[in-house]
Amino acid sequence: MNCLTETYNGEGTLFLAGLIKNELVCTGAMTNEGNGECRLQRMSVKKEFRGQGIASMMVRQLEECAKAAGYRKVVLETNIAWDSAVNLYKRCRYKEYKLEDEMIHLSKEI
């Protein structure tokens, strides 16, 4: 928990946790990249809750918070082999801008 509070308590940062009946089912975060950009990270959905649209809801919530905070662009990266993650971000209209080793980098204007 100390890492969470140390990492996500700065200006322009946010860490969200999604609960269903008081059970932690998803997380997501954003950090300030400067120049009107933020980075989406720490996206996770508990295995038994996947495929229900929870990750898409978390992405939308983070984007809304980013826009309210004055960000104009969201960037992220994920492992290219994680098809479900790559497909999620592409469904959310993120566009690939770089491939690097096993990582795909995506971005979206908000």
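This is a predicted model: local features need pLDDT of at least 70, side-chain atom pairs count only at pLDDT 80 or more; totals for chains, interfaces and linings use all residues.

Me: Which residues of α2 are buried?

Reply: A residue is called buried when its relative accessible area is under 20%. In α2 this applies to Ile54, Ala55, Ser56, Met58, Val59, Leu62, Glu63 and Ala66.

Me: What covers these buried residues of α2?

Reply: The cover includes strands β1 (14-20), β2 (23-34), β3 (37-45), β4 (73-79) and β6 (103-109), together with helix α3 (83-91).

Me: What value of phi is found just after α2?

Reply: Gly70, which comes just after α2, takes a positive phi of about 95 degrees.

Me: Where is Asp101, and what is its phi?

Reply: Asp101 is placed in the loop between β5 (95-100) and β6. Its phi is positive, at about 55 degrees, although Asp101 is not a glycine. With a relative accessibility of 77%, Asp101 counts as exposed.

Me: I turn now to aromatic rings. How many aromatic pairs are counted, and which residues form the pair?

Reply: Two things are read here: the distance between ring centres and the angle between ring planes. Centres must lie within 6.5 Å, and planes over 60 degrees apart count as edge-to-face. The count comes to one aromatic pair. Tyr89 and Tyr94 form this pair, with 6.0 Å from centre to centre and 70 degrees between the planes, so the pair is edge-to-face.

Me: Are these two tyrosines buried or exposed?

Reply: Tyr89 has a relative accessible area of 7% and is therefore buried. Tyr94 is at 2%, so it counts as buried too.

Me: How does one look for a pocket, and what is the volume of the largest pocket?

Reply: Rolling a probe the size of a water molecule over the atoms shows where empty space is left. In this model the largest pocket has a volume of about 690 Å³. Its lining has 24 residues, of which Met43, Ser44, Ala85, Leu88 and Tyr89 are the closest to its centre. Tyr89 is thus one of these residues and also a partner in the aromatic pair.

Me: Which elements give two or more residues to that lining, and which gives the most?

Reply: The elements giving two or more are β3, α2, β4 and α3. Strand β3 gives the most, with seven residues. By class, the lining has eleven nonpolar, eight polar and five charged residues.

Me: May we close with single residues? What does His105 touch beyond its neighbours in sequence?

Reply: For such a residue, one asks where it lies, how accessible it is and what it touches. His105 lies in strand β6 and counts as buried, at 9% relative accessibility. Leaving aside neighbours within four places in sequence, it is in contact with Leu76, Glu77, Lys95, Glu96, Tyr97, Lys98 and Glu100.

Me: Where is Phe15, and which residues is it in contact with?

Reply: Phe15 is found in strand β1. At a relative accessible area of 27%, Phe15 is partly exposed. Apart from neighbours within four places in sequence, its contacts are Leu4, Tyr8, Thr27, Gly28, Ala29 and Arg42. Phe15 and Lys95 are 80 residues apart in sequence, and their C-alpha atoms are 23 Å apart in space.

Me: In which helix is Cys3 found?

Reply: Cys3 is found in helix α1, residues 2-7. Its relative accessibility is 60%, so Cys3 counts as exposed.

Terms used: Residues are numbered from 1 along each chain as its sequence is written. Side-chain values use heavy atoms; hydrogens and water are left out. Rings of Phe, Tyr and Trp (its six-membered ring) pair if their centres lie within 6.5 Å; planes under 30 degrees apart count as stacked, over 60 as edge-to-face and the rest as tilted. Buried means under 20% relative accessible area, exposed over 50%, partly exposed in between (1.4 Å probe, protein chains only). Helices (H or I, at least four residues) and strands (E, at least two) are DSSP runs, numbered from the N terminus. Contact means heavy atoms within 4.5 Å. On a 1 Å grid over the protein atoms alone, a cavity is a set of points where a 1.4 Å probe fits but cannot get out, and a pocket is an open set with protein on both sides within 12 Å along at least five of seven lines; lining residues have an atom within 4 Å of a point. Grid points are joined across faces, edges and corners, and a volume is the space filled by probe spheres set on the points. Ala, Val, Leu, Ile, Met, Phe, Trp, Tyr, Cys and Pro count as nonpolar, Asp, Glu, Lys and Arg as charged, and the others, Gly among them, as polar.
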